[in-house]
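Colleague: Hi! Could you walk me through this structure, bit by bit?

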Amino acid sequence: MIRTLSGATFRAAGAAQPIKDVTTRRLHSTYDVAVVGAGIVGLATVRELILRHPSLSFVLLEKEKELAMHQSGHNSGVIHSGIYYTPGSLKARLCVRGATLAYEYCEKKGLPYNKCGKLIVAVEQEEIPRLKALYERGMKNNVRDLGIVDAKGIREREPYCRGIMALDSPYTGIVDWRMVALRYGQDFVEAGGKVITDSEINDISMVKESPAGSTEGMKYPIAVKDKKGNEVRCRYVLTCGGLYSDRLSQISGCSREPRIVPFRGDYLVLKPEKHYLVKGNIYPVPDPRFPFLGVHFTPRMDGSVWLGPNAVLAFKREGYKIYDFNIRDFADALSFRGLQKLVLRNITYGIGEMYRGININAQVKLLQKYIPEISPSDVLRGPAGVRAQALDRDGNLVDDFVFDGGVGDVGSRVLHVRNAPSPAATSSLAIAEMIADEVESRFSL
């Protein structure tokens, strides 16, 4: 059976409540465009498409019973300002524009956010040249209100933080990205779109005859089927599969690469009586030798403070616990030459990340470089997220868009978003514009 969501459902979900009022029925329907995947990228994109093409019919298909359940609902909640990325790169442009659009959207929709700022803190002299280079990069990216502060300036902004110099990014903020994603979904439904949940797609194919009783011939030549045998017909298909984007693309004959490799990030949380130690986001100066940013301090919209995360290989694509395991996901990752090369280049870093994931004291020792007052007794194990990292066969992280279609007749009517530039939540509305442009360039909507 297929579960469809009503507008009332989204209003409840947008208020951070469980999705309710779900109607269940057998569905054999036709649409102009079917979008697979209701994470924040899929939701932002289908919203953008229906606003551009209100006369067309759209359906959004999601394998979970609720929307935005994975990366969109398991992230740090930061609105990034665009400091880190190569000047002129797509990542930089999308992040800077995406942050502006995100703040404007939250204002328009009445969604709560907090522009609490961020410090990127140098604690060693050797980090200062990298910090200054980061400042130049941020200025070239037109990051708003970016500045450099000394040790006194650090203490004025974060009284318990210690450092010798820092980048000050007051435009960085925090938001509940799942709430934002669900609001995108509400916009889509209110514009006339249909959402179908509990529908895990396992086949996308051309059909040879029109549906029984149809008088429209072969106007809808694509059949999208789920594991329960339900089917919708459409003219075009767009997939935004996140952690499963590579496997979805293989359905229509695409290459297995770039491959999605899941990395889990485990957070610690500050005990409530220690929340006063952190006011805004506190980040380390990134080390270019390593692929991830390192541990940081992140206040949350609910008043909690997250510390971390580490970055370790997840043994399951949607495995949020240390012992979550899926044999196919595990074998798929370990057998991939790209991951093998990445691991060999970062073996010492990877071992350190695994050790700190197990040993809280080791994780706290890193955090004490920035806030010395924190002790192991001040923290608890917290939530985790899983990042869908696209890797090529040489072990390089794929940062840019990767679009794919497939082979044969179906390939001309299917577009797979195999990778979207991070930070995808911050950039979601800007990413949606680019994906919609790509859809319009490929399909005769």
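Predicted model: local features only at pLDDT ≥ 70, side-chain atom pairs only at ≥ 80, totals over all residues.

Colleague: Great. Which residues of H2 are buried?
Modeller: Ile40, Val41, Gly42, Leu43, Ala44, Thr45, Val46, Arg47, Glu48, Leu49 and Ile50 are. That is 11 of the 13 residues in H2, so the helix is mostly covered. Buried means under 20% relative accessible area, exposed means over 50%, and partly exposed is in between (1.4 Å probe, protein chains only). Helices (H or I, at least four residues) and strands (E, at least two) are DSSP runs, numbered from the N terminus.

Colleague: And what does H13 pack against with its buried residues?
Modeller: Helix H2 (40-52) is one of the partners, and others include helix H3 (90-109) and strand S14 (231-239). Contact here means heavy atoms within 4.5 Å. The buried residues of H13 include Leu429, Ile431, Ile435 and Val439.

Colleague: How many residues does H13 have?
Modeller: H13 has 15 residues, and from its first C-alpha to its last it reaches 21 Å, close to the 21 Å expected. The expected span is 1.5 Å times one less than the number of residues.

Colleague: New topic: is arginine 264 buried or exposed?
Modeller: Arginine 264 counts as buried because its relative accessibility is 7%. This residue lies in strand S15 (residues 259-270).

Colleague: What does its side chain join up with?
Modeller: The side chain of arginine 264 makes a polar contact of 2.8 Å with that of aspartate 266. A polar contact is a pair of N or O atoms within 3.5 Å; within protein, one must be able to donate a hydrogen and the other to accept it, and residues adjacent in sequence count only if both atoms are side-chain atoms.

Colleague: Last stop, the loop between H9 and H10. Where does the side chain of asparagine 346 reach?
Modeller: Asparagine 346, which is in that loop, reaches the backbone oxygen of leucine 342 with its side chain, at 2.9 Å. At 12% relative accessibility, asparagine 346 counts as buried. By contrast, valine 343 in helix H9 (residues 337-345) counts as partly exposed, at 40%.

Conventions. Residues numbered from 1 in each chain as written. Heavy atoms only, no water.
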